[in-house]
Amino acid sequence: MNYWQKRKAAFGHAFRGFLDLVRHHPHAHLHLIATTMTILAGLNLRFAQWEWMVAILCLGLVWAAEALNTALEYLTDLVSPEYHPLAGKAKDMAAAGVLCAALAAFVVGLLLIGPKLWHLLM
């Protein structure tokens, strides 16, 4: 397999992972709704380039955190099929990372969208 075939295969694995995330994980469904709402709000409120950059960065970080959390859950379930307190702590910590990213993105979203909505309503 040459370099480009390996790169193509790597992207295929990544897309397969993303599809698994979106299809089988309820929290990813919430992220998908939030992502869609953010994009629609940005289009309707005519985000400036810098606003799009901030929004996309926040959305990407939340998706990355959710994917890493899911990967850690899969791996934890593989190595510790039965409950173990440390496995539970690892899962909780990974979920906390997603929560931190999502809350930060939510606050950034309020700062980007809030003033524009306020201006439209007043």
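Select Arg46, which follows helix 2 and has a positive phi, near 55 degrees; helices here are DSSP runs of H or I with at least four residues, numbered from the N terminus. This is a predicted model, in which local features need pLDDT of at least 70 and side-chain atom pairs count only at pLDDT 80 or more, while totals for chains, interfaces and linings use all residues. Residues are numbered from 1 along each chain as its sequence is written, and side-chain values use heavy atoms, with hydrogens and water left out.

Next, select residues 26-44, the 19 residues of helix 2, which reaches 27 Å from first to last C-alpha, close to the 27 Å expected at 1.5 Å a residue (1.5 Å times one less than the number of residues). Within helix 2, colour Ala28, His31, Thr35, Thr38, Ala41 and Gly42, which are buried (under 20% relative accessible area with a 1.4 Å probe, protein chains only; exposed means over 50%). They lie on the same side of helix 2, because they cover an arc of only 145 degrees around the axis, taken from the directions from the helix axis to the C-beta atoms.

Now show helix 1 (3-24), helix 3 (49-79) and helix 4 (85-121), against which the buried residues of helix 2 pack. On the face turned away from that buried side, helix 2 carries the exposed residues Pro26, Leu30, Met37, Leu43 and Asn44.

Finally, select Phe18, Asp20, Leu21 and Val22 in helix 1, which meet Trp63, Glu66, Ala67, Thr70 and Tyr74 in helix 3 (contact means heavy atoms within 4.5 Å).

Methods
Helices (H or I, at least four residues) and strands (E, at least two) are DSSP runs, numbered from the N terminus.
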